[in-house]
Amino acid sequence: MSGAKPTSYASLHDVELCSYSVAGERRAFGELVRRHGSGVRHLLRRMGAQASLADDVAQDAFLAAFERIAEFRGEGTFAGWVKKIAARLYLRRLQREKRLSAIAAEEGPADEIHTDGDADHRIDLDEAMKGLSPAERLCVSMCYGAGLSHGEAADALNLPLGTVKSHVKRGLEKLRARLAPGNDARAGEADLHGRRSNG
Amino acid sequence: MAEVDFERRLERLFADAPDLPDAQAFAQRIEGRLDRGWTARRWLLGAAGAAGGVIGASQLVMSNLFSQVESAEQSARALGQGIARVTPTTDMVSALSGGYGVWIAVGVAVLTMGFVLARVIEEI
């Protein structure tokens, strides 16, 4: 890495920004946060965290990432690496609040996710995720959002591997049904009809 | 095959998250926390260095260093006289044997400590 500091970090690749961050350049790391902060926060919300808790955990995850940035070898993407840290921090938070075992055992319908609703494809996924139980949502988000293997997810959740696999399988089946092409309009109408009949 | 395609699509949907409206403020909050941590660390290191310097200096004073240096000076003077018999006198030998040696050594030690402290702060 060259010793001179660039005037703008916006044009640099993530790997270069990581190199500057290893050298203690906080502005370079700030650029990484600007690029990937929203992704990490979305992941935590999809795992079931309320918006404020998701922001809190995401902030802790980025601070932890800065402390451990020298451990990032560039084998995967920086975003994937931070998402794994964030997912594990969120689970630790749930464990500390003794909510993890309750969530993992819960089979009922999921709670509402708070979304900002500004992009169609995200609404699709977020809407579809609402149909999953909390345990299925956690497992699917960890495996497909944070990039953990089933084994890593089982370790992090402190659940048997078979249980995680079945949560993922059931979650995928529900998501496939909800995200199938042409299903969007029907799902929207069904939601609207449900709300009308409830209200 | 369809299963794999769907899993890839799902990974893309998870990865393709649009920016939240407060993304800039979120990044600034984290930069602010990093800056505060950095400043605190510098102060802590500086304080630790100053405390270590004071302790080190007091230990030097209390360990009769100066009397030992004086005896070393006498040795240097004797050595200088010996050398003077063999070769022409040099300024350096006379300076060292004339009582300046202690102050030169102290100056060099202070400079070295300053360099080391600055380097440690930069590294951490």
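Good morning. I begin with one arginine: A:R93 is buried, because its relative accessible area is 14% and buried means under 20%, exposed over 50% and partly exposed in between, with a 1.4 Å probe and protein chains only. Before I go on, please note that this is a predicted model, in which local features need pLDDT of at least 70 and side-chain atom pairs count only at pLDDT 80 or more, while totals for chains, interfaces and linings use all residues. Residues are numbered from 1 along each chain as its sequence is written, chains are lettered from A and ligands numbered from 1 in the order in which they are written, and side-chain values use heavy atoms, with hydrogens and water left out.

What does A:R93 pair with? Its side chain meets that of A:D56 in a salt bridge, at 3.8 Å from N to O; the term stands for a side-chain nitrogen of Lys or Arg within 4 Å of a carboxyl oxygen of Asp or Glu. Because A:R93 lies in helix α4 (residues 78–96) of chain A and A:D56 in helix α3 of chain A, the pair ties together parts that are 37 residues apart in sequence. In contrast to the buried arginine, A:D56 is partly exposed, with a relative accessible area of 40%.

Chain A has ten helices and zero strands, where helices (H or I, at least four residues) and strands (E, at least two) are DSSP runs numbered from the N terminus. Of the 199 residues of chain A, 48% count as buried. Its accessible surface comes to about 9700 Å², and carbon and sulfur atoms account for 50% of that; such areas come from the Shrake-Rupley method with a 1.4 Å probe, and for residues only the protein chains shown count as cover. Contact here means heavy atoms within 4.5 Å. Among contacts in chain A between residues at least 6 apart in sequence, 58% join residues at least 24 apart.

Two further pairs in chain A deserve attention. As background, side chains of opposite charge can pair when their charged atoms come close. In helix α2 of chain A, A:R34 and A:E31 lie three residues apart, about one turn of the helix, and they form a salt bridge whose closest N and O atoms are 3.6 Å apart. A:R34 counts as partly exposed because its relative accessibility is 23%, whereas A:E31 is buried at 13%.

The next pair is A:E136 and A:K174, a salt bridge with the closest N and O atoms 2.8 Å apart. It links distant parts of the chain, with A:E136 in helix α7 of chain A and A:K174 in helix α9 of chain A, 38 residues apart. Is A:E136 buried or exposed? At 1% relative accessibility, A:E136 counts as buried, while A:K174 is partly exposed at 31%. Elsewhere, salt bridges that share partners join A:D14, A:R26, A:R27, A:E31, A:R34, A:R35, B:E31 and B:D35 into one network. Over all chains, the count comes to 18 salt bridges.

How many residues of chain A are in contact with chain B? There are 39, and they meet 28 residues of chain B. The area buried between the chains is about 3300 Å², with carbon and sulfur atoms giving 60%; buried area is the accessible area (1.4 Å probe) that two parts lose on being put together, summed over both. Of the area that chain A buries against chain B, A:R26, A:R34 and A:Y144 supply 21%, more than any other three residues.

Five salt bridges are found across this interface. One pair that crosses from chain to chain is B:E31 with A:R27, at 2.9 Å from N to O. On the side of chain A that touches chain B, at least two residues come from each of α2 (26–46), α3 (51–67), α6 (120–130), α7 (134–145) and α9 (161–179). Of these, α2(A) gives the most, with 14 residues.

I close with one residue of chain B. B:I121 is found in helix α4 (residues 91–123) of chain B, and it counts as partly exposed because its relative accessibility is 21%. Leaving aside residues up to four places away in sequence, B:I121 touches B:R42 and B:L45. B:I121 and B:G49 are 72 residues apart in sequence, yet 9.6 Å apart in space, C-alpha to C-alpha. Thank you.
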